Amino acid sequence: MPAVLQTARRTLIVATMLYCAGLLVLALLCKIGMHGFWWLDLANIFALLLFAPLLLLIPAALLWHSRGPQIAVLVACAAFVGLFGQQLLPRAEQSGSGPRLRVATFNLHSGLAEPQVAEIVAAIRERPADVYLFQELSEPAAIAIKQHLAQEYPHQTLVPSAEHAGMGMISRYPLDMPLQQDEPLQTAQVRVGDRSVTLINVSLTSPEIKRRRLPVVGWVQGLGGYRTGKRAREMEQLLRAADNARGPLVVAGDFNLSDREPGYGQLAARLHDAYAETRPGFGFTFPSSLHIGQLAIPARLVRIDYVWSAGGVVPTSAEVSCGDASDHCMVIADVRIADGL
């Protein structure tokens with residue numbers, strides 16, 4: 001073998017072993033719950049992407065006939081199973097008694113809403129639900145929803161905004177008033193037969209992923225830190241609202257929170273995560289796609305949109321539905337309201 005090829009092969013083997021060692025360290029740090037270092041927090045959120053090169057390295061390691069990289073790749077695969085194996089296991093079939101309620105959450109992306117109101121209305125009609133909770137509700141989207149969906153959803157409370165703070169609910173069932181809106185939360189109650197279910201619509205602030213200027217390269221996103229202070233304060237507000245709710249409760253919306261962050265654990269300790277409890281897989285909801293010219297490429301990277309429940313409200317199924325109407329995917333969940341509440 002020519003010297004150049006031997007050097008390239010050795011370099012690739014060393015790089016593979018270092019990469020696999022890095023994955024193992026990341027998995028161990030995540031498993032012991034280490035947080036607070038912005039670079040580690042970001043690596044944890046996008047950990048699945050960091051494991052993606054294994055798809056190429058597994059067959060490559062088999063072809064190398066070298067025990068070192070083969071063991072390294074095997075260890076990296078074990079780290080993957082340790083981090084994500086639970087999410088890939090089949091879920092037990094969920095059932096329950098009591099009235100059924102189908103809840104959908106949909107971030108409409110206020111900046112895209114005006115040219116895409118027809119797509120928004122069509123997407124809602126294609127995925128009928130009993131209640132829709134909207135975030136980033138713009139005036140054009142609110143007008144279109146009132147004009148075109150009033151027959152299917154006669155009970156509407158829409159509070160649009162020129163910024164990202166617009167929120168709203170539409171329902172087949174009566175929405176008890178008064179509506180309470182205390183940014184970033186919107187609260188109402190929906191009557192399902194003789195049951196009253198509290199709805200909390202959520203739109204938490206997106207964390208800041210700071211950038212840093214490097215010599216020659218220029219500005220690089222993600223190297224300046226990952227700041228979650230405002231979202232953490234809003235999370236405290238949300239947790240108080242959930243703790244203070246009495247009776248059946250559904251909490252849904254855009255949390256701008258990955259299921260690999262500590263805040264997710266705070267919610268999961270109190271509430272049922274409809275998708276995680278009824279479906280295997282990752283359930284990524286953002287972004288719905290990336291556009292290269294006129295070509296839309298599915299490129300979902302994180303799960304930040306959720307339907308949660310508590311107070312005897314048990315999820316029985318859930319799905320993620322993506323399209324061109326927004327940069328977020330919908331989350332649609334069926335829940336049962338337990339008898340005797």
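The questions and answers below concern a predicted model.

Q: Why is strand β2 called largely enclosed by the rest of the structure?
A: A residue counts as buried when its relative accessible area is under 20%, and five of the five residues of β2, which spans residues 131–135, are buried, so the strand is largely enclosed. V131, L133 and Q135 point one way from the strand while Y132 and F134 point the other way, and all are buried.

Q: How do you know that β2 pairs with strand β1?
A: Two strands pair if there are at least two bridges between them; five bridges join β1 (residues 100–107) to β2, and the two run parallel.

Q: What makes β2 and strand β4 a pair, and in which sense do they run?
A: The requirement is again at least two bridges, and β2 and β4 (residues 167–171) have five, in the antiparallel sense. Q135 stands opposite M167 in β4.

Q: Why is helix α2 described as mostly covered?
A: Under the cut-off of 20% relative accessible area, six of the eight residues of α2 (residues 38–45) are buried, and the helix is therefore mostly covered. The buried residues are L40, D41, L42, A43, N44 and I45.

Q: What makes N256 one of the lining residues of the largest pocket?
A: A lining residue has an atom within 4 Å of a pocket point; N256 is among the 34 residues that line this pocket, and it is one of those closest to its centre, along with L204, T205, S206 and P207.

Methods:
Residues are numbered from 1 along each chain as its sequence is written. This is a predicted model: local features need pLDDT of at least 70, side-chain atom pairs count only at pLDDT 80 or more; totals for chains, interfaces and linings use all residues. Side-chain values use heavy atoms; hydrogens and water are left out. Buried means under 20% relative accessible area, exposed over 50%, partly exposed in between (1.4 Å probe, protein chains only). Helices (H or I, at least four residues) and strands (E, at least two) are DSSP runs, numbered from the N terminus. On a 1 Å grid over the protein atoms alone, a cavity is a set of points where a 1.4 Å probe fits but cannot get out, and a pocket is an open set with protein on both sides within 12 Å along at least five of seven lines; lining residues have an atom within 4 Å of a point.
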